[in-house]
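These are my notebook entries on one structure, set down in the sequence in which I looked things up. The sequence and the model come before the entries.

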Amino acid sequence: MKAALLKAYGGVDQFEISEIPVPKPGPGEVLIKIEASAVNPFDLILRQGFMAQYIPLPLPAVLGGDAAGTIAELGAGVTSLSLGDRVVADFPANGRGAHAEFGVIPATSVAKLPAALTFEQGATLVKAGLTARQTVDALGVKPGDRVLISGALGSVGRAAIQYLHEIGAKPVAGVRPERLDEARTLAGEALDITVTPAASSFDYAISAAAPVAAPLIGHVRDGGKIASIVPVPEGSNAAGRVTIQELFHRTDTATLDAVLDAAVKGLLVIPVAHTFALEEIRAAQNAVALGARGKVVLRH
């Protein structure tokens, strides 16, 4: 099968398109014929070796965490899926990822893709949708609560805003001043996140952009809560004035089913900024690095 192999940590020149054997699913696993995969900012961090101490990749490695395709083979004991099922999958960062024609993954990391969604749409929803819902849920937000979101126009931020609308909460998009109009269209309310407020007015906030800036923390009242999907700089929360919880997404089929259902109903939309062929992995990663306004998708 064709795969985008990362030969060594470094720049995009370390990718090459190669033929490698089609993997075989073991017990509890499935083989997916991958039709589309997303390129996420985390893929760039992995490629450059910044996470090598914590997530060492078996080089050459196949990156890619979000995939959509069809079930090509079932491992022993898998009864929840059938050959030919359209699915999305949440691949782990283990060097055997989604930027290939086929991939093997536990059946528990797979959800059925509704017919109303394309493979490209499905590939945009996996980690962004899971992370957004898990972050909102971690805050314990209730209907009517106002929640400030930094990184609001990124994929996770967008998904969080739309989920907050879905549960009856009131999102406020924290963005740079030049994107205020776009953010108001999405969230309904927006503010300039670069400005430290005179008084704190939020009990809850989500940081979906690195790093967690003092202005975001400054918007949260004493005793308030911030859920962050990016590292929190040391010393940014002097005297522990607010509670900051750093979160990493976890695979959860039930939540992924809810994400897909919201997308079918039009309650969750993540725009696609660029679509590339698998062979254009270098250009796709460069597009993410340049700050593409929407998901970057590889068509296999």
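**Entry 1: helix α3**

I began with the length of helix α3 (residues 155-166): its 12 residues should span 16 Å at 1.5 Å a residue, and the end C-alpha atoms are 16 Å apart, which agrees. The expected span here is 1.5 Å times one less than the number of residues in the helix. I took helices (H or I, at least four residues) and strands (E, at least two) as DSSP runs, numbered from the N terminus.

I note that this is a predicted model, in which local features need pLDDT of at least 70 and side-chain atom pairs count only at pLDDT 80 or more, while totals for chains, interfaces and linings use all residues. Residues are numbered from 1 along each chain as its sequence is written, and side-chain values use heavy atoms, with hydrogens and water left out.

Next I asked how many of the 12 residues of α3 are buried. I found 10 of the 12 to be buried, so α3 is largely enclosed by the rest of the structure. Buried means under 20% relative accessible area, exposed over 50%, and partly exposed in between (1.4 Å probe, protein chains only). The buried residues of α3 are Ser155, Val156, Gly157, Arg158, Ala159, Ala160, Ile161, Gln162, Tyr163 and Leu164.

I then looked up what covers the buried residues of α3, and the cover includes helices α2 (119-139) and α4 (180-187). Strands β9 (146-150), β10 (170-175), β12 (202-207) and β16 (295-299) are also included in that cover. Contact means heavy atoms within 4.5 Å. Just after α3, I noted that Gly168 takes a positive phi of about 90°.

**Entry 2: the cavity**

A cavity is a set of points, on a 1 Å grid over the protein atoms alone, where a 1.4 Å probe fits but cannot get out; its lining residues have an atom within 4 Å of a point. Grid points are joined across faces, edges and corners, and the volume is the space filled by probe spheres set on the points. The largest cavity holds about 50 Å³ of space.

Which residues line the largest cavity? I listed Gly129, Arg133, Ala159, Gln162, Tyr163, Glu166, Val259, Ala262, Leu267 and Leu268. Helices α2, α3 and α6 (253-264) are the elements that give two or more residues to this lining. Helix α3 supplies the largest share of the lining, four residues. By class, the lining of the largest cavity has six nonpolar, two polar and two charged residues. In this scheme Ala, Val, Leu, Ile, Met, Phe, Trp, Tyr, Cys and Pro count as nonpolar, Asp, Glu, Lys and Arg as charged, and the others, Gly among them, as polar.

**Entry 3: Thr131 in α2**

I turned to Thr131, which lies in helix α2. Thr131 counts as buried, at 11% relative accessibility. Apart from neighbours within four places in sequence, Thr131 is in contact with Val156, Ile229 and His249. Val156 is itself one of the buried residues of α3.

**Entry 4: a three-stranded sheet**

I traced an open sheet of three strands in the order β2-β1-β4, with antiparallel pairing. The edge strands are β2 (15-19) and β4 (61-62), each pairing on one side only. Two strands pair if DSSP finds at least two bridges between them. Strand β1 (residues 2-6) is joined to β2 by five bridges, and Lys2 stands opposite Glu19 in β2.

I also checked the loop between α1 (41-48) and β4, where Pro60 is placed. The peptide bond from Leu59 to Pro60 is cis, with omega near -5°.

**Entry 5: two loop residues**

Is Leu83 buried or exposed? I found that Leu83, in the loop between β5 (66-74) and β6 (86-90), counts as exposed at 58% relative accessibility. Leaving aside neighbours within four places in sequence, Leu83 is in contact with Ile71, Ala72, Glu73 and Leu74.

Ala100 is placed in the loop between β6 and β7 (102-106), and I recorded Ala100 as buried, at 1% relative accessibility. Beyond its neighbours within four places in sequence, Ala100 is in contact with Met1, Lys2, Ala3, Ile34, Val62, Leu278 and His300.

How values were computed: 1 Å grid on protein atoms, 1.4 Å probe; cavity = no way out; pocket = protein on both sides within 12 Å on 5 of 7 lines; lining within 4 Å.
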